[in-house]
Amino acid sequence: MTASSTMSTASASCWSCGAATSGAHFCAKCGKIQPLPKGTDYFAFFGLPQKLRIDSADLEKRFHSLSWKLHPDNFVRASENERELSLARSSELNDAYRALSTPLGRVEYLLAHNGMRKEGQKKQQAPPELLEEVFELNESLDELREAREAGGDAASTAKVREKLQDAEKTFTEKLEDVDAQLDSISAEWDAVIDADNNEATRRALMDRMNEILNRRSYIRNLVNKVAAELAA
Amino acid sequence: MGRTVGIDLGTTYSLVAYVDRESKQPKCIPGPYGSALCPSVVSLDADGSIIVGEPARRRLLTQPERTIYSVKRLMGRGPADVAGELKIFPFRIDPGSESVIRVRLGDRVFTPPEISAFILRELKSWAEQYFGETVDKAVITVPAYFNDAQRQATKDAGRLAGLEVLRLVNEPTAAALAYGLHEAQRGLVAVYDFGGGTFDISVLKLISTDQGDIYQVLSTSGDTHLGGDDIDNELQRVAREEIRSQFGVDLAADPSAVQELRKALIAAKHELSLADQTTIRFPLSDRRIFTRMMKRPEFERLIAPVVERTMVPVKQALADAHMAPNRMEEVVLVGGSTRVPLVRQVVEEYFGRKPHAELNPDEVVALGAAVQANILETGVAGMLLLDVTPLSLGIETMGGVVAKIIPRNSTIPASAQEMFTTGVDKQTGIDIHVLQGERELARDCRSLARFQLKVPPGPAGLARVEVKFLIDASGILQVAARDLRSGLQNAIEVQPSYGLGDAEIEKMLEESIEYAEQDFTERQLIEARTEAETILRATEKTLAHPEVEIDATERRAIDTAKAALQQAIAGRDYKLIRARIDELNSVTTPLAERIMNHALATALEGKNLDNE
């Protein structure tokens, strides 16, 4: 790896001809590639409103069309400044596409971009409605580990394994439920954007999304843990 | 301005290719021995000159301690990484090696990038001779699974060879590019690239857009230490064991014999790709002969574990692309090891379709590199490669845990921004440790570099430094930092964990210029000697001419000049040889003129002079 000497910074006017640019990829007047404005909105990068339900084929098309324009291949013989701007812009394009190409990624990005993603102090604590099932699951996990440490063979752990497999199934289904909740709250969000775009309503929705994300990551970890123990 | 070529810098062979300006097709450039394959072997001659390729390969048998092969295995690696290799490979690592390996050839030591640079320089000269033009830029291919240090080492090698490396392209992606051009195919493609020392698998999506074709890599995985070499080593293990038990001879002490045996086993491996059985015949130094028949089923049983190892990355790449094997619309085989029938069979069974192998598996990567070189050289669009980074990038956090900031299989260029601050009052520096890999703990990942951000002393948490990590289109990491409070660029000194620092490269560049001079001298010497021999033969012939009169003074002058030239040839001073050639020429010119006149006169008389 190398230390890069410069870091591109943006201004509101074109570095080459001085025309106003307002964050566009290229200067409308002279066509030169422009630096990234601070805190780019990934949705705006693709020319999209901040809506969560996106047609993925349309997003891919926008991604490819921008790739043709911004990729460093197009700037091999350009000035060093333009080469660096292309590197910054095209990496931002790829980062943006990576973030927005899945429904979950879009919600995560929306919250992070608006400073609304809060992982919560009680990250390790089970959501109340799951307490009982999580308790049972942890017992089974302990049982399996103890049996394994005691040198138990496949036959002696068969029963607890079966229990864990059931639990894995239950929690995988819960994960699907959470994803369905994300989908419906995304639809709600889009409706607000289309309607009055009320600040208070948006904040309330983002708070709810944050809660759903926290629950999702808790269940996700649980499923991964069970899968890892079963595979061990 | 010089030309741009595509180079496949392989473990076993290296190739150079270009796109023909008229046919628009990529072509490999043949070397002086007629083949486009340059064995990736480098040898240091007793007089200090460097020998590369076919002649170096022959010296593996005669001068193993001055010759090195498969150096790609050492690129960008530390001494601890290669401890396992040393049991099988006759690399002589210099004991002084710390972060960078140094290999001993005869009485000198070289870093792996320097040795690779000799190979690149050779290929560069093939291309220059072929074009009659300078070549100063290149696209070089690397295994997709190469990490940052291995990529940087490859780029350093290019620089040391006097080439501006416009881009590093992943080998399977290059192969897909060559195939796409050849077959005009679209859709989902898996490229299975099993070479001499590395294995890669890439899943690509080929898309037609209004502006042209996009080759988008969805995922990649691999093993940078899995290849045909491992098949050879499996055979080597069996043969050496049997030689020990049959003859009580341990070959370990005899590097020449090990190379001789390796050659015989590789031949046997090649034969078993075509025939059902082969006989390995290997004469021991005491003239006893080890003979061993091997049938294909036994061979396949032996190598099955090696082939099976390729399936781990294959499954990983498909899982990362969220694809089932039967979703692939094409499967492409690349690399010499895919000639092994068992490999083809395993791949076919897994994907449920017959793999493509129409293009020469040895050449296809170089051809793809040439296509990318052409795109960058001519700026003609119509084709765009979107590749990914094979490994996650992370930074070490509290307790030695790695926080991933750019996940693997992210399209490159890719970037991530991180904010850093101080933990205690009056702290003046923030230490950052950058790693690559998928594991949770820093000690299980690949250390790329450590650096310190300098901050003005103040209360804890006041400093705010933003660090931007950017992986460029070659898969190489760049780091820039900015102090958000002052708005100033924060200078970073990056010390690579395994690799050459800038100062070291500069020093090597100076040395490599000496080598360039030495290469030049070597070529001048050979040319001068050849010309001298030609003129000496011509002089002999003239002196023997029956109808020419030479007086004693003239003959003495010619004899003196001849002797002086013969003496000069024995030395290594090409300028002296040239001077002696001129001298001999000047004393023989009157004589030559007389012969010409005589011939003319004879011809006018209608006589035939052609009777000597």
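Domain bounds here come from an automatic or database domain assignment. I started with chain B, where that assignment gives domain 1 (3–227 + 304–386), domain 2 (393–500) and domain 3 (504–604). I looked up the separation of domain 1 of chain B and domain 3 of chain B, and their C-alpha centres lie 44 Å apart.

Ground rules. This is a predicted model, in which local features need pLDDT of at least 70 and side-chain atom pairs count only at pLDDT 80 or more, while totals for chains, interfaces and linings use all residues. Residues are numbered from 1 along each chain as its sequence is written, and chains are lettered from A and ligands numbered from 1 in the order in which they are written.

Contact between the chains. I counted two residues as in contact if their C-beta atoms, placed from the backbone, lie within 7 Å. The contact takes 36 residues from chain B and 21 residues from chain A. E25(B) gives the most, with 5 residues. By class, I find 23 nonpolar, 9 polar and 4 charged residues on the side of chain B that touches chain A. Ala, Val, Leu, Ile, Met, Phe, Trp, Tyr, Cys and Pro count as nonpolar, Asp, Glu, Lys and Arg as charged, and the others, Gly among them, as polar.

Cores. I call a residue buried if 20 or more other C-beta atoms lie within 10 Å of its own, exposed if 12 or fewer, and partly exposed in between, with C-beta atoms placed from the backbone. A nonpolar core is a set of buried Ala, Val, Leu, Ile, Met, Phe, Trp, Tyr and Cys residues joined through C-beta atoms within 7 Å. The largest one has 153 residues, and Ala17(B) and Ala369(B) have the most contacts inside it. H9(B) provides the largest share of this core, 10 residues. Another core, of 20 residues, lies apart from it and includes Tyr42(A) and Trp189(A).

Helix H8 (residues 341–351) of chain B. Which of its residues are buried? I find Val343(B), Val347(B) and Phe351(B). They sit on the same side of H8(B), because they cover an arc of only 45° around the axis; the arc is that of the directions from the helix axis to the C-beta atoms. Gln345(B) and Glu349(B), on the other side of H8(B), are exposed. The buried residues pack against strand E12 (187–194), helix H7 (296–320) and strand E17 (330–334) of chain B.

Strand E17(B). I checked its burial: 5 of the 5 residues are buried, so E17(B) is largely enclosed by the rest of the structure. Glu330(B), Val332(B) and Val334(B) point one way, and Val331(B) and Leu333(B) the other way. E12(B) and E17(B) pair in the parallel sense over 5 bridges, pairing being called when DSSP finds at least two bridges between strands. Tyr192(B) stands opposite Leu333(B).

Most residues other than glycine have a negative phi, and most peptide bonds are trans. I noted a cis peptide bond from Ile412(B) to Pro413(B), with omega near 0°. Phi of Ser70(B) is near 50°, and Ser70(B) counts as partly exposed, with 19 C-beta neighbours inside 10 Å. Phi of Lys426(B) is near 60°, and Lys426(B) is exposed.

Methods:
Helix = DSSP H or I, 4+ residues; strand = E, 2+ residues; numbered from the N terminus.
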